[in-house]
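Thanks for coming, everyone. Let me put the structure up, and then we'll walk through it.

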Number of protein chains: 2
Amino acid sequence: MKWEDLADQPCSIARSVAVIGDRWTLMILRDAFLGVRRFEAFQTRLGISRTIITERLKLLVDEGVLAKAPYQDRPVRHEYRLTQKGLDLYPVVMAIVHWGDQHYAGQAGAPLLHRHKACGCDFAPVMTCSECHAPVAAREVETRAGPGAAQGVTS
Amino acid sequence: MKWEDLADQPCSIARSVAVIGDRWTLMILRDAFLGVRRFEAFQTRLGISRTIITERLKLLVDEGVLAKAPYQDRPVRHEYRLTQKGLDLYPVVMAIVHWGDQHYAGQAGAPLLHRHKACGCDFAPVMTCSECHAPVAAREVETRAGPGAAQGVTS
DNA sequence: CACCTAAGTTTAGTTTCTGGACGCACCATC
DNA sequence: GATGGTGCGTCCAGAAACTAAACTTAGGTG
């Protein structure tokens, strides 16, 4: 399978991975959630080639994850902001952060703390069931084909 | 920045992405959570080169996400199973699935349904606060440097 | 013996990523 | 009005990653 074919798979993971599933896109999204908006800032913080930044930002804009908006005229300069679709990626980013905190934090602890404004506490994200609101673990879930599955395909 | 430098960043996203953040690793994990355990099965389902399967499985084993265990002798054959560290990635995978379901499901609906055995319902994953147990949205969170941050680094 | 499976390894060709230079439109300073 | 700085790119040659397809190893089947 080629990478470009991922988007056509009857699998939500594949379709998502086609958009966000490469090394640098995830890092760009991390920075976007930390408030980074400008090309130069992304490039400086990541230290990767400008070509890749250009290409990844374009993909994210094309997919509607980021929106390009002018922040000045003469010369026109644009910044990249998370759209609602982009903000919907927050659970993905937080889940990744949490896994890193669990398994790769040094003895010093987590590099970043996240405070939930509503309750004022530093928190960890917990995945819960939308129906019964209890935390969900992998072994408590049964997966089966849904309405959008191609026949015979189980992915 | 080089790809291999990601693991040394004082950022849990970077350290996680160094392990799971490429196109095919995420697809391999998807299949692992669906019960795939053997080399040939991963290769057939993904349709990518055997070289990459070999390399990615090795990385995941080295990182302790998968464990290689013999399932027969003569000839010795191994299978790859998720470790606890691997199972801890379930929220990441589910968050990605959910985002795909939200934004890329066709009119037919989600390709896969997930039933929570505890309550018997098909569910969506909801990210909640570990302290107050309320759902958390991106805008309700304040991020700041934690104990594991390098001085002056805000990522 | 020829053929099959599972799990890789090797090889050669293609694609992607990289750093670094360059372009362009404006602004500020000398 | 020449020089330098900023913001956001593009272009290029070389390096790295990925690909398909053939080959290997260790055994099983007819």
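Start with B:Gln84. Is B:Gln84 buried or exposed? It is exposed, because 11 other C-beta atoms lie within 10 Å. The cut-offs: buried takes 20 or more other C-beta atoms within 10 Å of a residue's own, exposed takes 12 or fewer, partly exposed is in between, and C-beta atoms are placed from the backbone. B:Gln84 lies in helix α5 of chain B. B:Gln84 and B:Gly64 are 20 residues apart in sequence, but 8.7 Å apart in space, C-alpha to C-alpha.

Some ground rules. This is a predicted model: local features need pLDDT of at least 70 and side-chain atom pairs count only at pLDDT 80 or more, while totals for chains, interfaces and linings use all residues. Residues are numbered from 1 along each chain as its sequence is written, and chains are lettered from A and ligands numbered from 1 in the order in which they are written. Helices (H or I, at least four residues) and strands (E, at least two) are DSSP runs, numbered from the N terminus.

Now the two chains. A rotation of 180° with 0.0 Å of shift along its axis superposes chain B on chain A, with an RMSD of 0.1 Å. That is the relation of a two-fold axis.

How many residues does the contact take from each chain? It takes 81 from chain B and 81 from chain A. Contact means C-beta atoms, placed from the backbone, within 7 Å. On the side of chain B that touches chain A, the largest share comes from α6(B), with 14 residues. That side divides into 49 nonpolar, 18 polar and 14 charged residues. Here Ala, Val, Leu, Ile, Met, Phe, Trp, Tyr, Cys and Pro count as nonpolar, Asp, Glu, Lys and Arg as charged, and the others, Gly among them, as polar. 100% of the interface residues of chain B are also interface residues in chain A, so the copies meet through the same surface.

Next, helix pairs. The axes of α6(A) and α6(B) come within 8 Å and cross at roughly 170°. That makes α6(A) roughly antiparallel to α6(B). The contact has 10 nonpolar residues, no polar and no charged. Axes are lines fitted to C-alpha atoms, for helices over the stretch in contact, with angles from 0 to 180 degrees between N-to-C directions.

The axes of α1(A), residues 12–20, and α6(B), residues 90–104, also come within 8 Å, but cross at roughly 90°. So α1(A) is roughly perpendicular to α6(B). For the wording, under 35 degrees is roughly parallel, over 145 roughly antiparallel, 65 to 115 roughly perpendicular, and the rest oblique.

What about α1 in chain B? Nine of its nine residues are buried, so α1(B) is largely enclosed by the rest of the structure. They pack against α2, α6 and β3 of chain A, together with α2 of chain B. Over in chain A, α2(A) is mostly covered, with nine of its 11 residues buried.

Last, the core. The largest nonpolar core has 74 residues. Such a core is a set of buried Ala, Val, Leu, Ile, Met, Phe, Trp, Tyr and Cys residues joined through C-beta atoms within 7 Å. Those with the most contacts inside it include A:Ile13 and B:Val93. Leaving aside neighbours within four places in sequence, B:Val93 is in contact with A:Ile13, B:Leu29, B:Arg30 and B:Phe33.

Definitions and conventions: Two residues are in contact if their C-beta atoms, placed from the backbone, lie within 7 Å. Copies are superposed by least squares on the C-alpha atoms of residues with pLDDT of at least 70 in both.
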